[in-house]
There are 2 protein chains.
Amino acid sequence: MPKDSDFHLVSEPLPPLSEGQVLLRTQYLSVDPYMRGRMNGVRTYADPVNIGQMMVGGAVGEVVESRNSDFPVGDILTGYWGWQEFAISDGTGLRKIDTNLAPPSTALGVLGMPGMTAYFGFLEICQPKSGEMVVVSGAAGAVGSLVGQIATIKGCEAVGITGADSKVAWITDELGFDAAFNYKTTDDYVARLKELCPNGIDCYFDNVGGPITEAIFSVLNTKARISICGQISQYNSPKPQSFAPIFSYLLTKSARAEGFLVYNYAERFAEGMAQMAKWIKEGKIKYRETIVDGFENVPRALIGVLSGDNTGKMVVKVT
Amino acid sequence: MPKDSDFHLVSEPLPPLSEGQVLLRTQYLSVDPYMRGRMNGVRTYADPVNIGQMMVGGAVGEVVESRNSDFPVGDILTGYWGWQEFAISDGTGLRKIDTNLAPPSTALGVLGMPGMTAYFGFLEICQPKSGEMVVVSGAAGAVGSLVGQIATIKGCEAVGITGADSKVAWITDELGFDAAFNYKTTDDYVARLKELCPNGIDCYFDNVGGPITEAIFSVLNTKARISICGQISQYNSPKPQSFAPIFSYLLTKSARAEGFLVYNYAERFAEGMAQMAKWIKEGKIKYRETIVDGFENVPRALIGVLSGDNTGKMVVKVT
């Protein structure tokens, strides 16, 4: 588990803008579980953030100075400029936010990477059919809370697994999950899953890995689909933990487990974004943000995400 | 591991045939790894064979008496009548063998269930593309030996993992696998795989599970596909053995693992059978049988399959 003292706040003078560049003042920073994987010093699907480098991450900010006619002063943009209060960009990867649609911070959540992760990672990998049983772990997080709602929109039953009674209440009372349980106060996950899913599980959207995920295996239906989005229970583990013999379960159930990265679907983000915005407008998708105030608190916010302190999307409000 | 004394030979008088029935004299019996799973007393995808019941299994035999005009005396048929020297059937599930195409015992191998397992389990689950690297475990078995050859036909490179130097020689010299290694004389499976697959593994066809399969995980390419056909290393394990954290690998590689049962593809067996027969005729698919003589030796033959004594398909010649 990272600790506050692993991070250092560094001040540097800003160079003047070159032609084509913009100066952004950060308003919101995203903190996400995947960031922990970048801190191991090894390349996975992306380069690591090495010791002494600035932490990467999604951000929202305002153009405060511009030598790029595509992005005039006053525009609210989102991009991947990382943990800095001011950022200089040549415009690559920047996207203007329509603040009439939803508050700008949602570009880091429901209308950003977590939203696309839920949309494509669930619909494309699980291929849910109406009437099926969908179980989501990390169900009150930025992604999981959306997956359960999309499942409901698609006519599925949704059961959430989360780590607090308040989260259980939120996802069942407000988001429309059919049922949920708090794994921290549940002794026998398998028994609870069998109780809530008496006809078995057709789709499992996995944010956590570990014992919660192992409990799913014996409740899977024939031709079940598992979408592997995250393994947050493992990210701070010093060495890989062993796992139940999932291949034996997949074999006898003709079931499938598949990992994905949201950027596999980058070409279809416009489609996903439009659909999520429509569902929000229709009241079919609700979201919540856990907002931490102050740039200096961004490490603490990340530690919070890794500890499950957030309900919905965790963002840091910088200004 | 089953032992000879777990089985008993029982003699019973045959009742006279009713209208619509045929009497079959068994010529060949199939012994296959999946049979071990039927002996655990629990229902998986099929009912168990309970203590005192006759063992199930594929068979080939001749009609010696008939009250069914579809199957006259002298026909050579294949069906699923299990471990008995004579069987009475109403014709359900029986199929006539074209003995001009290949010897009748191949109806239990390359032109039967193992052939269809290799054909559909590899092509449908792995979706191999020309130029990809395919690794097969249990590579000299009834199914694995065919998977490597189909991979080669499809323009892939095929690497086999097997348990004897003679098997390594057979699959590379005669079947056209690009490379193979004997896991019993290899210390570091991962190092050997990296040596033989310097550009990584795109498809893995898994017959064995356990440490061999775990070694694959760190050599998988992005968007790799794993077809889970069998987990023979686990079948005699008194309790489920733990497994490397495969979900973490599938996640970072956007990779997929999927189990299947050959009967999922039953509607397409005619297509698969025709293609396999064509490849045999063209000399593109070769096969070998390990034949055990004598009905009384069928338990020993099954134990042999579970121990890797066979090269290619293991069958018992009854008459």
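My entries on the contact and then on the strands follow.

I note that this is a predicted model, in which local features need pLDDT of at least 70, side-chain atom pairs count only at pLDDT 80 or more, and totals for chains, interfaces and linings use all residues. Residues are numbered from 1 along each chain as its sequence is written, while chains are lettered from A and ligands numbered from 1 in the order in which they are written.

**Contact between the chains**

I looked up the contact and found 30 residues from chain A and 30 residues from chain B, where two residues are in contact if their C-beta atoms, placed from the backbone, lie within 7 Å. On the side of chain A that touches chain B, the elements giving two or more residues are helix 7 (246-253) and strand 11 (256-259) of chain A, and helix 7 of chain A gives the most, with seven residues. Helices (H or I, at least four residues) and strands (E, at least two) are DSSP runs, numbered from the N terminus.

I then checked strand 11 of chain A, which runs antiparallel to strand 11 (residues 256-259) of chain B and is joined to that strand by three bridges; strands pair if DSSP finds at least two bridges between them. A:Ala257 stands opposite B:Ala257 there.

**Strand 9 of chain B**

I followed strand 9 (residues 201-206) of chain B, where six of six residues are buried, that is, 20 or more other C-beta atoms lie within 10 Å of the residue's own, C-beta atoms being placed from the backbone. Strand 6 (residues 133-137) of chain B runs parallel to strand 9 of chain B, with three bridges, and B:Val136 stands opposite B:Phe205. Strand 10 (residues 220-228) of chain B also pairs with strand 9 of chain B in the parallel sense, over five bridges, with B:Tyr204 opposite B:Ile226.

Technical notes. Buried ≥ 20, exposed ≤ 12 C-beta atoms within 10 Å, placed from the backbone.
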